[in-house]
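Please read it alongside the sequence and structure shown here.

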Amino acid sequence: MGSTNGLSTTHGKQPLFSFGFISDVQYADIPDGRSFLGVPRYYRHSILVLQRAVKEWNTSQRHKFVINLGDIVDGYCPKDQSFNTVKKVVDEFAMFKGPVYHLIGNHCLYNLPRSKLLPLLKIQSFEGHAYYDFSPVPEYRFVVLDGYDISAIGWPQDNPKTLEALEFLRGKNPNEDKNSPTGLVGLERRFLMFNGAVGKEQMDWLNGVLQDATNLKQKVVICCHLPLDPGASSKEALLWNYDEVMNLIHRYNCVKVCISGHDHKGGYSIDSHGIHHRVLEAALECPPGTYAFGHVDVYDDRISLHGRDRMQSTDMYFNHKAVL
């Protein structure tokens, strides 16, 4: 992973702006546990990671905003505590002295339906959608995708999006447990119920946003809880239709970086069109006394991600051109 090696400082240029980030806090007031693969999870410690992050972001006094890449609470959180637990973590984020932008993840949707979740996260939604964009400075635009747009979780059971997702999964995953990749080969292993897809309306919206950003000569950062490139992620963590989304993105030159969560170990790749993909290490998997969060310095020609402790630092330069 492209570690910070002094490049960021030797240029001597001030960044256009900076922002803080964290992913997969997955807090719950329950004893520590393990993932499906046996990786330890520290449910109570994760909120301490967040508290430390907020304190550092505030101390620096230079971050324009903070992005939470999703999964604010864990699916094992007792359901009668879901609302208050989400609120508790949101309140910790709110201690940051500036705007906080939230993404939704599968664990958020295990706890609360969209109708309750989105108002808590202050996501201005149209008919329950959680995609939006914002422009912190004229030169840059951030695009937040809703990776659970077509999903078997989060929408009412009779919603067309739920039914479409269930039908899709039946066709792609023969296992009785639709969260099991048993027998699925290669990239097919992403067809699991804890993932989702970007629907047609959102694709049309994304196309419009990228067209607008191109006209305004903006550089674009895409944020999605689910990873969009197999080079940066486990196959089991990818967006169902990551290829369709990236085919659309690759028609434009404005997108420079895609940032995701979900795949807790983290990852980094540069795709065939020179777009950087950075999957963030999870706060949830930090043993007590360790941390995973960071901040990003944004320049004209690069984005420098400065990680703390278990979060790798990564310098992402925009001069990589397509190798086709």
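## A salt bridge across the sequence

Aspartate 297 has a relative accessibility of 6%, and because buried means under 20% it counts as buried. The model discussed here is a predicted one. The side chain of aspartate 297 meets that of arginine 62 in a salt bridge, with an N to O distance of 3.1 Å. Since arginine 62 belongs to the loop between α2 and β4 (63–68) while aspartate 297 belongs to strand β12 (residues 292–298), the pair ties together parts that lie 235 residues apart in sequence. Arginine 62, for its part, counts as partly exposed, at 39% relative accessibility.

## Other charged pairs

Side chains of opposite charge can pair when their charged atoms come close. The count of salt bridges comes to 16, and one of them joins the side chains of aspartate 146 and arginine 114 at 2.8 Å, N to O. This pair links distant parts of the chain, 32 residues apart, with aspartate 146 in the loop between β7 (140–144) and α6 (160–172) and arginine 114 in helix α5 (residues 114–120). Both aspartate 146 and arginine 114 are buried.

Lysine 265 and aspartate 263 also meet through their side chains in a salt bridge, at 2.7 Å from N to O. Here lysine 265 counts as exposed, with 53% relative accessibility, whereas aspartate 263 is buried, with a relative accessible area of 9%. Elsewhere, Arg52, Glu56 and Arg308 are linked in a network of salt bridges.

In soluble globular proteins, nonpolar side chains tend to be buried together. In this model the largest nonpolar core has 84 residues, and those with the most contacts inside it are Ile22, Phe142, Ile222 and Leu228. Helix α2 (residues 46–60) supplies the largest share of this core, namely six residues. A second, separate core of seven residues includes Ala152, Ala165, Ala197 and Trp240.

Leaving aside neighbours within four places in sequence, phenylalanine 142 is in contact with residues including Phe17, Phe19, Phe65, Tyr132, Phe134 and Cys223. Asp133 and Pro136 are also among the contacts of phenylalanine 142.

Methods: Residues are numbered from 1 along each chain as its sequence is written. This is a predicted model: local features need pLDDT of at least 70, side-chain atom pairs count only at pLDDT 80 or more; totals for chains, interfaces and linings use all residues. Side-chain values use heavy atoms; hydrogens and water are left out. A nonpolar core is a set of buried Ala, Val, Leu, Ile, Met, Phe, Trp, Tyr and Cys residues joined through side-chain atoms within 4.5 Å. Buried means under 20% relative accessible area, exposed over 50%, partly exposed in between (1.4 Å probe, protein chains only). Helices (H or I, at least four residues) and strands (E, at least two) are DSSP runs, numbered from the N terminus. Contact means heavy atoms within 4.5 Å. A salt bridge is a side-chain nitrogen of Lys or Arg within 4 Å of a carboxyl oxygen of Asp or Glu.
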